[in-house]
Amino acid sequence: MIITEKIKQTLAYPAFLMGGVALLVCSLLLLTHNLTAQPIADRQREDLTKLLNQVLPRDAYDNQPLEQKFKKIINGQEYRFYRARYQGQVSAIIIFTETSGYSGTISMLVAIKADGELSGVRVLSHTETPGLGDKIEEKKDDWILGFSGLSLINPTPSGWAVKKDGGQFDAFTGATITPRAVVKGVYETLKLFKSNQAYFLNQNDATK
């Protein structure tokens, strides 16, 4: 007890105590990370696989697209995408893209076949008005399913707009800005693919 009390009265004791507590906390955090990192990664992969299967039919590829992840900077902006292959050839790309909605950024996953036709579109995240703009979610409305099968020539450029603007796409009552933004975002993604088609469909020149 005499030695313990002497130690407590030294200037080094508080620092020693804090160091011990910090070491214990760091050890617990490291242990928690090691225990949860893989389950979290597995869950994220499962969720992404489900989304992939929603925008691209399973018979459209015979590889593992999630293992074909690439990125490219175009006009100063980085785009992440996956390549789907069938019998060795790129059959489609699945690209992450964004557009500006009424309340903020709308993040989307867009699947485009090698011939430039849309396979599917899904909204990943947004901050649009509940009950109005959130109809861009597949679970809230089937509106987003209407992009499948479309391309830069179907419809014509003038058709790539909501009906209020002379296009072919329906808007939501009280929420025209949101569908307008999604239509524009998908159209711009198709144009991006077209102008960089040789790169997106190339077998070897992308960097992970």
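**A walk through the predicted model**

Strand β5, which covers residues 118-125, is mostly covered, since 6 of its 8 residues are buried, where buried means under 20% relative accessible area, exposed means over 50%, and partly exposed lies in between (1.4 Å probe, protein chains only). Strands here, like helices, are DSSP runs numbered from the N terminus, with at least two residues (E) for a strand and at least four (H or I) for a helix. This is a predicted model, in which local features need pLDDT of at least 70 and side-chain atom pairs count only at pLDDT 80 or more, while totals for chains, interfaces and linings use all residues. Residues are numbered from 1 along each chain as its sequence is written, and side-chain values use heavy atoms, with hydrogens and water left out.

The partner of β5 is strand β4 (residues 105-113), and the two pair in the antiparallel sense over 6 bridges; strands count as paired if DSSP finds at least two bridges between them. Within this pairing, leucine 109 stands opposite arginine 122 in β5. The two strands form a hairpin with 4 residues between them, and in the turn glycine 116 has a positive phi of about 90 degrees.

Seen as a whole, the protein has 4 helices and 5 strands, which follow the pattern α-α-β-β-β-β-β-α-α along the sequence. Of its 208 residues, 37% are buried. Among contacts (heavy atoms within 4.5 Å) between residues at least 6 apart in sequence, 46% join residues at least 24 apart.

Towards the end of the pattern, asparagine 196 lies in the loop between α3 (177-195) and α4 (197-200). Asparagine 196 counts as buried because its relative accessible area is 17%. A polar atom of its side chain lies 3.0 Å from the backbone oxygen of leucine 192, and, leaving aside neighbours within four places in sequence, asparagine 196 is in contact with Lys72 and Ile74.

Glutamine 89, in strand β3 (residues 89-100), is classed as exposed because its relative accessible area is 52%. Glutamine 89 and aspartate 62 are 27 residues apart in sequence, and their C-alpha atoms are 9.9 Å apart in space. Valine 21, by comparison, belongs to helix α2 (residues 12-55), and its relative accessibility is 46%, so valine 21 counts as partly exposed.

Notes. A polar contact is a pair of N or O atoms within 3.5 Å; within protein, one must be able to donate a hydrogen and the other to accept it, and residues adjacent in sequence count only if both atoms are side-chain atoms.
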